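Subject: Structure for your review

Dear colleague,

Please find the structure below, followed by a summary of what was found in it. I would be grateful if you kept it open while reading.

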Amino acid sequence: MTGLALKAITKRFGDFKAVDNVSLDVPPGTFVCLLGPSGCGKTTLLRMIAGLEEPSSGAVVVDGQDITATPTHNRDFGMVFQSLALFPHLNVGDNIAYPLRIRGASKAEQSARVDELLKLIHLADFAKRPVAKLSGGQRQRVAIARALAISPRLFLLDEPLSALDAKLREAMQVELRQLQQQLGITTIVVTHDQREAMTMADLVVVMGEGRIRQAAPPVEIYRRPADSFVAGFIGSTNLLAVESDSAGRVTALGTALPDVAMADGARAGTLSVRPEDVQITAPGEGALDGTVTFVRDLGGTIETFVDVSGATIVAVTTPRDRADLVAGQKVGVRIPAQSAVVLKS
Ligand code: ATP
């Protein structure tokens, strides 16, 4: 298995820094998702790992070897891009065999590997099928199998599932993750879909404006976001401005929040609390008081919007917890200290 290290990589286009001093260690066998808003530099970073773009400075290191100057075709990486780029005039088997053929593998080797890969992607009987007669999900799997044909050292994918409809995309996320675990291959996927990243990744790398804002396992990113950019990008959250008073108590919306602590010496920050952690109580029984402004009953979950001194706090509950809330109702809001994180802002 192959490990990857990025060492202070920067990419400039003219005066503009698309990727700004990115360093990252990826242990062998890790599934990494590069996540971030449009234009944050994810694709540019992936292209530099692939050798399709040259860094302005910094190094790409694979298994301890600096490959920054190695041409793409000598890196032995498997790549899948959004466009897939399957060969329309070749059938499924010949598409998958193509990288083996150009490397001079024998017919017998090609055919054995194609059979193996077709089984792996659950398309065992599809070798002779023209690619034009495949569904979107099947094409996706063929593109993945073709990229894996050479047993690549690294598997790189750029928004591989974004052309699929929501339901198929969710199923393919699980399939891709299971395939990666089966093969143990170090994999880097670019996505702007946080749910996709949470489903698949061992390591989520959240990028903003060319820089890494946080790199951590998905649940840590969710529970302990480094700052409000990350908190707002991963899942939904309530963000409230907080201050500490002279007695060191943390207050939000003019009310003290017992047990919530600020970082050492900080006087102000932003409190992040996930909607599923907010508790709705009887008036006066939470630290904050407010009025329900809207209830969105989604069947499996209920989102309750509460106005607290002009700020909206969203609580998510299940019908079993609270099915009684209606707009106009006076309620209390409790923010459990253990689920509140004070961010730098
Ligand atoms: P998206 O999710 O929209 O694909 P991204 O995070 O992958 O976005 P990049 O494609 O890496 O973003 O682009 C990062 C920034 O660099 C963007 O502002 C883009 O316009 C700019 N950029 C990318 N390629 C070039 C280029 N060849 N020349 C000039 N600017 C570029």
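Which residues of the largest nonpolar core touch the most other members? They are Ile-96, Ile-144 and Phe-155, in a core of 43 residues. A nonpolar core is here a set of buried Ala, Val, Leu, Ile, Met, Phe, Trp, Tyr and Cys residues joined through side-chain atoms within 4.5 Å. Helix α4 gives the most to this core, with six residues. A second, separate core has 26 residues, including Leu-6, Val-22, Leu-46 and Val-190. In soluble globular proteins, nonpolar side chains tend to be buried together.

Please note that this is a predicted model, in which local features need pLDDT of at least 70 and side-chain atom pairs count only at pLDDT 80 or more, while totals for chains, interfaces and linings use all residues. Residues are numbered from 1 along each chain as its sequence is written, and side-chain values use heavy atoms, with hydrogens and water left out.

Overall architecture

The protein has eight helices and 20 strands; these are DSSP runs numbered from the N terminus, with helices being H or I of at least four residues and strands E of at least two. Along the principal axes, the C-alpha atoms fill a box of roughly 75 × 45 × 35 Å. Of the 345 residues, 48% count as buried (buried means under 20% relative accessible area, exposed over 50%, and partly exposed in between, with a 1.4 Å probe and protein chains only). Among contacts between residues at least 6 apart in sequence, 66% join residues at least 24 apart; a contact means heavy atoms within 4.5 Å.

The ligand site

The residues around the ligand are Phe-13, Phe-16, Ala-18, Pro-37, Ser-38, Gly-39, Cys-40, Gly-41, Lys-42, Thr-43 and Thr-44 (each has a heavy atom within 4 Å of the ligand). For Thr-44, an N or O atom in the side chain is 2.6 Å from an oxygen atom of the ligand.

Around the largest core

Beyond its neighbours within four places in sequence, Phe-155 is in contact with Gly-78, Val-80, Ile-144, Ala-147, Leu-148, Leu-176, Ile-185, Thr-186, Thr-187 and Ile-188. Pro-152 lies in the loop between α4 (136-148) and β7 (154-158) and is buried, because its relative accessibility is 8%. Residues touched by Pro-152, leaving out those up to four places away in sequence, are Asp-76, Phe-77, Gly-78, Ala-147 and Ile-185. Gln-180, in helix α5 (residues 166-183), is likewise buried, at a relative accessible area of 3%. With the same exclusion of neighbours within four places, Gln-180 contacts Gly-29, Thr-30, Phe-31, Ile-185 and Thr-187.

Arg-103, in the loop between α2 (92-102) and α3 (107-120), counts as partly exposed at 46% relative accessibility. Arg-103 and Ile-150 are 47 residues apart in sequence, with their C-alpha atoms 8.9 Å apart in space.

Aromatic and charged side chains

The whole structure contains three aromatic pairs (Phe, Tyr or Trp rings, the six-membered ring for Trp, with centres within 6.5 Å; planes under 30 degrees apart are stacked, over 60 edge-to-face and the rest tilted). Phe-229 and Phe-233 count as stacked because their ring centres are 6.2 Å apart and their planes meet at 5°. These two residues are four apart in helix α8 (residues 228-233), so about one helical turn separates them. Phe-229 is partly exposed, at 27% relative accessible area.

The charged end of Arg-213 sits over the ring of Phe-229, 4.5 Å from its centre (this requires NZ of Lys or CZ of Arg within 6 Å of the ring centre and within 35 degrees of the ring normal). The charged end of Arg-146 sits over the ring of Phe-87, 4.9 Å from its centre.

Finally, Asp-277 lies in the loop between β14 (268-273) and β15 (279-281) and is buried, with a relative accessible area of 15%. The side chain of Asp-277 makes a polar contact of 3.3 Å with that of Arg-223 (a pair of N or O atoms within 3.5 Å; within protein, one must be able to donate a hydrogen and the other to accept it, and residues adjacent in sequence count only if both atoms are side-chain atoms).

With kind regards
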